[in-house]
Amino acid sequence: MPNITLPDGSIRSFDGSVDGFELASAIGPGLAKSAMMMIVDGNERDLSFRIEQDCNVVIITRKDAVALDLIRHDCAHVMAEAVTELYPETQVTIGPAIENGFYYDFYRERPFTEGDLETIETKMHEIIDRGDPFEREVWARDEAMSHYEKIKEPFKVELIEGIPDDEPISFYRQGNFLDLCRGPHAPSTKHVGHAFKLMSVAGAYWRGDSSNPMLQRIYGTAWPDEKKLKAYLNMLEEAEKRDHRRLGRELDLFHMQEEAVGSIFWHPRGWSLYREIEAHVRRRLEDGNYKEVKTPQLIDRSLWEASGHWDKFRENMFTADSEDDRTLALKPMNCPGHVQIYKQGLKSYRDLPIRMAEFGSCHRNEPSGALHGIMRVRAFTQDDAHIFCSEDQITSESIIFCDLLRKIYKDFGFEDVRVKFSDRPGVRAGDDVTWDRAEEALKNACEAAGLETTLNPGEGAFYGPKLEFVLRDAIGRDWQCGTLQVDFVLPERLDANYIASDGSKKRPVMLHRAILGSMERWIGILIEQYAGRFPIWLAPVQAVIATITGDNDDYAYKVLEECKKVGLRAAVDVRNEKINYKIREHSNAKIPVILVVGTKEQENETVAVRRLGGKSQEILALDDAVNTLLKEATPPS
RNA sequence: GCUGCCGUAGCUCAGGGGUAGAGCACUCCAUUGGUAAUGGCGAGGUCGACAGUUCAAAUCUGUCCGGCAGCACCA
């Protein structure tokens, strides 16, 4: 005799057990038709689930946000059915819903081709139109095992082995397709709808482990309706236009070429951007009482052995031989070098904290498949710093750091940053007591700094826990930029110490920290963030002076001189082209300001100020215009 | 690194066993024009590299290099 409480607070009573279909029908025929699944006391259930006891129930229709994952997961099953129908030799493995869609991993000898995707898609539409119901079955463990052993699907056997004993082993059947699955699913394949598209095929290791066999992953996207699908595909197209690799070329910022894979050739405009960013961070660091240093590129392997990098990082290091038979390594990190500076002379507790910064040029031999534009390269510059402090300074230094980081992110237009807290990994240095202290200190700092973090379990560095500050690029990929890492190990390995107030010798703690992460990655993110339309203080060319006719050339050069005198980055365009042509070209080049000078302006010593994207113009006296621009071009204070 | 796809002019792309194509960009000429493309002429390519098949390879095959997507790895 269940009494069922609905989201509006009303209660429905039934004489006997009731399933979701019956419940939805009792509420209304419209709901019965559009119902996809239900949530019973917080648990997602199929509509066919029988309710025996009093509970709270929410009926989910395709309009509900949670239905999105359901549709995508259903769609993955439909895809798996299509694939097994078309290519019976294929083994299915797993197929979850993900952000924006779903995927399914298959195992087969011959990989899928792009052409196969179309075939599969057609078959999927067919299956959806067939509208077979998704039917849940619960099997005994040994039955399930022997089923998959019999049909020779070792991946599924492995999955069953991983299901805890107290969990039911459920299958879902639709038509002739049967799949091990936790569920829930919509009532039938018809409920998936036709607003989906298969996007790509790629290899993916079984269980995400590169020592396992590689599966064939098909990615798809699925939405409640056609309109949302179109909007998503549109968004992808728009995102492609702000891809930093494309804008880097279009705006003449940098290029890369085969002879220097993973390294960047910065063009004048890109380098201007780079220098402006560096200068700004440098100002902020000076305000934050950091001292900037510079350490060697090539360092003898003995130091890397002592620091532990030779052991842990050897594969990623470039080496070179010197004439006296030494093996030198291009630095992949700056920390050992900074410790060397710290160790020059005795340090007292009174010297701490020491905040040592470097725009450290690092080389890492990244796997070729990891390289990505200027976001992931082999030669990059970290806005690195190490804070040498005592253990009881960890929290306060972390808070100061988080404030600085947020200030700098805000300067560059990033207000919302996701922060991951990575705690102790399985393989680590240092004892558990030390780890407890380090994690505690970092946690306290996050709280005090008002940072919301998500836990990234087991992903800390081997020497300590870390915070990762993550930004997202135009095509939805996440990139770690800033980081804060607590390290008790390196000072020990490299024998750094200080004299405490009681006269004893103590180990300092090292906080490894970066804000931008790498200049290169940061610029990549920045290009995409602004879609190439940089704020005027960062813009490589802040203003172009464009003439109407050749008679205005002299005056144009005079305007240029005035701009340059106050430090504005300006250029003239005295080409024999119409003003329309010049406007269009400099607008496409995303120059923030165009100063048009014609005979009228020349006679009155004025300029016509036209801003990027603006429709109108403003006539200003030359002095006023220069002063206004100068003010706007001042970096954030 | 692994799997798949791709590589033709500076860019975007067509073509495809027998003399290499377009648009934009570039050069030069004419045009001196008021807020997102003035008109015309011209130049520009060992068709990623190397091997093989063939009378003949940009085209077919193989190997390598590089790029792209994903996986793995990571700032």
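Visitor: What makes up the surface near RNA strand B, by class?
Guide: This is a predicted model, and by class that surface has 19 nonpolar, 18 polar and 16 charged residues.

Visitor: How do you know which residues are near the strand?
Guide: A residue is near if one of its heavy atoms lies within 4 Å of the strand. In total, 53 residues surround RNA strand B, and the closest are R477, Q480, I548, N576 and Q617.

Visitor: Why is the pair formed by R376 and a base oxygen of RNA strand B called a polar contact?
Guide: The cut-off for a pair of N or O atoms is 3.5 Å. A polar side-chain atom of R376 lies 2.6 Å from that base oxygen, so the pair counts. Y205 also has a polar side-chain atom 2.6 Å from a base nitrogen of RNA strand B.

Visitor: Which element gives the most to the surface near RNA strand B?
Guide: That's α18, with seven residues.

Visitor: Why is H338 called buried?
Guide: Buried means under 20% relative accessible area. H338 has 0%, so H338 counts as buried. You'll find this residue in helix α12, residues 335–342.

Visitor: What joins the side chains of H338 and H386?
Guide: A polar contact of 2.8 Å. Leaving aside neighbours within four places in sequence, H338 is in contact with several residues, including V293, M356, E358 and F388.

Terms used
Residues are numbered from 1 along each chain as its sequence is written. Chains are lettered from A and ligands numbered from 1 in the order in which they are written. This is a predicted model: local features need pLDDT of at least 70, side-chain atom pairs count only at pLDDT 80 or more; totals for chains, interfaces and linings use all residues. Side-chain values use heavy atoms; hydrogens and water are left out. A polar contact is a pair of N or O atoms within 3.5 Å; within protein, one must be able to donate a hydrogen and the other to accept it, and residues adjacent in sequence count only if both atoms are side-chain atoms. Helices (H or I, at least four residues) and strands (E, at least two) are DSSP runs, numbered from the N terminus. Ala, Val, Leu, Ile, Met, Phe, Trp, Tyr, Cys and Pro count as nonpolar, Asp, Glu, Lys and Arg as charged, and the others, Gly among them, as polar. Buried means under 20% relative accessible area, exposed over 50%, partly exposed in between (1.4 Å probe, protein chains only). Contact means heavy atoms within 4.5 Å.
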